[in-house]
Amino acid sequence: MSAPELHSSIVALASLASGIASKHPDMGLCQLEKLRAMGIPDEQIATVIEIARHIRDEASRKLDTAFDERAGIALPHAASEPEKPVMPKLKTETKSSCCSSTSSGQRCC
């Protein structure tokens with residue numbers, strides 16, 4: 001039994017987010033063009049980008065901290081407090097999350 005096919009906008013959003021979170025060199029620009037051509041609002045795309053960057057940055061900080069702990073050293077991390085992006089404020093109701101929120105309050109999981 002095969003899984004139902006995802007809508008092309010969901011595939012493009014997932015691909016954009018994973019490309020950003022994984023630091024892919026193509027940066028998801030192809031997906032961005034597709035999403036805009038599909039009429040997906042920039043505000044929704046910006047939210048996905050914000051969440052992907054938050055996950056990427058959080059993962060980097062956690063890896064750096066774990067490395068420093070195992071290595072027995074304490075180094076300051078320049079990226080520990082990234083600049084807060086200017087993003088549209090979206091009112092959403094969320095319950096507890098398994099991860100921290102983005103700077104605008106979006107939950108990433």
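What follows is a set of questions and answers on this predicted model.

Student: In what order do the elements of the protein run from the N terminus on?

Tutor: The protein holds 3 helices and 0 strands, so every element in the order has to be a helix under the assignment used here. Read from the N terminus on, the order is α-α-α.

Student: At what angle do helix H1 and helix H3 pack?

Tutor: Helix H1 covers residues 8–21 and helix H3 covers residues 42–71, and their axes lie 8 Å apart. H1 passes H3 in a right-handed crossing. The angle at which the two pack is about 35°.

Student: How many residues in the contact of H1 with H3 are nonpolar, and how many are charged?

Tutor: On the H1 side the contact is made by Leu13, Leu16, Ala17, Ile20 and Ala21, while H3 contributes Ile45, Val48, Ile49, Ala52, Arg53 and Arg56. No polar residue takes part, and the division comes to 9 nonpolar and 2 charged.

Student: Is Lysine 23 buried or exposed?

Tutor: Lysine 23 lies in the loop between H1 and helix H2 (29–37), and Lysine 23 has a positive phi of about 60° although this residue is not a glycine. Its relative accessible area is 56%, and a residue counts as exposed over 50%. Lysine 23 is therefore exposed.

Student: What share of the residues of the protein counts as buried?

Tutor: The accessible surface of the protein comes to about 8,300 Å², with 58% of that area belonging to carbon and sulfur atoms. A residue is called buried under 20% relative accessible area. Of the 109 residues, the share that counts as buried is 24%.

Notes
Residues numbered from 1 in each chain as written. Predicted model: local features only at pLDDT ≥ 70, side-chain atom pairs only at ≥ 80, totals over all residues. Heavy atoms only, no water. Axes fitted to C-alpha atoms, helices over the stretch in contact; angles between N-to-C directions. Helix = DSSP H or I, 4+ residues; strand = E, 2+ residues; numbered from the N terminus. Left-handed = near helix turned anticlockwise from the far one by under 90°. Contact = heavy atoms within 4.5 Å. Nonpolar A, V, L, I, M, F, W, Y, C, P; charged D, E, K, R; others polar. Buried < 20%, exposed > 50% of the residue type's maximum accessible area, 1.4 Å probe, protein only. Areas by Shrake-Rupley, 256 points an atom, 1.4 Å probe, with all protein chains shown as cover.
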